[in-house]
Amino acid sequence: MTDAAESFPSMPAPRRFVFTTGAADALALEAVLKPADRSWRSLLGYAFALPPLIVVSWFTRNADWPVWFASFGLIGLVAWQGARFVLKAEKARAARQHPIGAGQVDFTNGRFEGAIGGVAIAIPAVEGVRVEMDAGHLYILADNRPALVLPLSAFAGRADLIAFAASFKEASRRPGSLSASD
């Protein structure tokens, strides 16, 4: 085997990420962590609308059309507001569970250290670091530590986000590559 075939891509260069995350970023992280749990949201409208519709149809068996239209309109409004309330509560729960706010995180020697919204983030070079990405975020997930959400605004652009994610993901796969000494 040649030296070129044995060489690995190097660790991404040290850098500082300055950004602000919000409840929407925490909710996006929740979608990455538990993708199967999100299908219930499509049923919210039915969950709020069907029981009242059944009651209204039972009470208005001989009613005229204006009563039906008013009933459907009112029930639709209640269902829409109920779904909005449940989704807002879920967003607030995600924001409480993951650090949000102004953040500054330094990446050096394969480690992420800094703070987000006053919560210290320290992801040392360990096995089990998982790198996930979506259209506007890079997620660094480590066992038993707060997850790090780096929004697109922390990078020079989408290409920079993709390049950093690819090089970090490749470096984290190599045995012993993230355990560089300080």
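Biologist: Before we start, what does the predicted model count?

Modeller: In this predicted model, local features need pLDDT of at least 70 and side-chain atom pairs count only at pLDDT 80 or more, while totals for chains, interfaces and linings use all residues. Residues are numbered from 1 along each chain as its sequence is written, and side-chain values use heavy atoms, leaving out hydrogens and water.

Biologist: Good to know! What makes up the secondary structure of the protein chain?

Modeller: Helices (H or I, at least four residues) and strands (E, at least two) are DSSP runs, numbered from the N terminus. The protein chain has five helices and seven strands, in the order α-β-α-α-α-β-β-β-β-β-β-α.

Biologist: Why is Leu 74 called exposed?

Modeller: Buried means under 20% relative accessible area, exposed over 50%, and partly exposed in between (1.4 Å probe, protein chains only). Leu 74 has a relative accessible area of 53%, so Leu 74 is exposed.

Biologist: What makes a nonpolar core?

Modeller: It is a set of buried Ala, Val, Leu, Ile, Met, Phe, Trp, Tyr and Cys residues joined through side-chain atoms within 4.5 Å. The largest one has 21 residues, of which Phe 17, Phe 112, Leu 138, Ile 140 and Leu 148 touch the most other members. Helix H5 gives the most to this core, with four residues. A second, separate core of seven residues includes Ala 28, Leu 141, Ala 147 and Val 149.

Biologist: Which residues does Leu 148 touch?

Modeller: Contact means heavy atoms within 4.5 Å. Not counting residues up to four places away in sequence, the partners of Leu 148 include Phe 19, Val 105, Phe 112 and Ile 116.

Biologist: How do you know that Arg 15 and Asp 160 form a salt bridge?

Modeller: A salt bridge is a side-chain nitrogen of Lys or Arg within 4 Å of a carboxyl oxygen of Asp or Glu. For Arg 15 and Asp 160 the closest N and O atoms are 2.7 Å apart, so the pair meets that rule. Arg 15 lies in strand E1 and Asp 160 in helix H5, so the pair ties together parts 145 residues apart in sequence. Arg 15 is partly exposed at 25% relative accessibility, as is Asp 160 at 21%.

Biologist: How many salt bridges are there by this rule?

Modeller: The count comes to three. Arg 16 and Asp 106 meet at 2.5 Å, N to O, while Glu 132 and Arg 130 meet at 3.1 Å.

Biologist: Last one: in what sense do E3 and E4 pair?

Modeller: Two strands pair if DSSP finds at least two bridges between them. E3 and E4 have five bridges, in the antiparallel sense, so they count as paired. Val 119 in E4 is the bridge partner of Ile 116. Their hairpin has two residues between the strands, and Gly 117 takes a positive phi near 55° there.
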